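Please open the model in the viewer and keep the sequence panel at hand.

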Amino acid sequence: MKPLVTRRARPGLGTLVEVGVVGLATEAASAALAQAFQTIATIDRQLSFHRPDSWLSQLNGAPGQWLAAEPSYYRLLLLAKRLCRASDHRFNPTVGGLLVRSGALPAHVQHPYLDSGVADDIELQGGRVRLRRPVLLTLDGIAKGYAIDLGIKELKKSAAAGGWINAGGDLRAFGEAKLAVQLRGTDGQAQISNGALATSRLSGQYDERFPACMSDGTSLLAASSETVSVRARFAWRADALTKVVAGSRGAERQQLLNRFRGKTFSV
């Protein structure tokens, strides 16, 4: 007899989010899914650059001032800062100013701001956060994966035999849950279990509206259009690593993936 599988889908994180659990009775499954969706919605709402009333927009609007952060927000900024520094700013969450000037992100702040900054512009201390200089943080390259990880954490609290979250190609599964993934350019499928996968499209043509990955203010472009999928233990890491490896090839890309414990997804 197959274990009971319960799944639901709702809009969120700029896409359609599907959450599922394995091995829970209907009432327990519904409660677990509801909690996961609520957690994801909170991250979506409070860490969104697009919402003028989000916590992130408050932070961007008050450079030099300390702002109290919920533990989950603080943790994400800590991860983003560490990865920014460790990747030599290949992943750089301080490029919001440049994206605003190019029209890719909305302009919410009234004060002058820098196009981009460095990891040390993000100061974290005792549950509080401050922007050392007037940079604008954007967490679009990591927050979706992080929200998935927090949702998975809630599903695990339910004692489900397994579960998954799929948010438009960024996904993570655990336990008995296995997600079938179509391999681009082939007729085959593979399965993701007890791990995460994220996919980003790299373009060989510069589009000033969407300089998706920046390093020291310079767009990292692929030599030709390419879709990069990265596997990792956590969804936040897989999400961010697709930006870290943007523009790299061959041995350089593999070195970056090895450094941050990720793998390209292929046949």
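This is a predicted model: local features need pLDDT of at least 70, side-chain atom pairs count only at pLDDT 80 or more; totals for chains, interfaces and linings use all residues.

Glu18 belongs to strand 2 (residues 15–22) and Arg7 to strand 1 (residues 5–12), so the pair ties together parts that are 11 residues apart in sequence. Glu18 is partly exposed at 23% relative accessibility, and Arg7 is also partly exposed, at 48%.

Next, select Arg132 and Asp121, which meet in a salt bridge at 2.9 Å, N to O. Arg132 is found in the loop between strand 5 (128–131) and helix 5 (143–157), and Asp121 in the loop between helix 4 (96–101) and strand 4 (122–125); the pair therefore links parts 11 residues apart in sequence. Asp121 is buried, with 0% relative accessibility, whereas Arg132 is partly exposed at 42%.

Then move to helix 5 and select Lys157 and Glu154, which lie 3 residues apart, about one turn of the helix. Their side chains form a salt bridge of 3.3 Å, N to O. Lys157 is exposed at 58% relative accessible area, while Glu154 is buried at 16%.

Finally, display the whole chain. The structure contains 10 salt bridges, and the chain has 7 helices and 14 strands. Of its 267 residues, 49% are buried. The accessible surface is about 12900 Å², with 48% belonging to carbon and sulfur atoms.

Technical notes:
Residues are numbered from 1 along each chain as its sequence is written. Side-chain values use heavy atoms; hydrogens and water are left out. Helices (H or I, at least four residues) and strands (E, at least two) are DSSP runs, numbered from the N terminus. Buried means under 20% relative accessible area, exposed over 50%, partly exposed in between (1.4 Å probe, protein chains only). Accessible areas come from the Shrake-Rupley method with a 1.4 Å probe; for residues, only the protein chains shown count as cover. A salt bridge is a side-chain nitrogen of Lys or Arg within 4 Å of a carboxyl oxygen of Asp or Glu.
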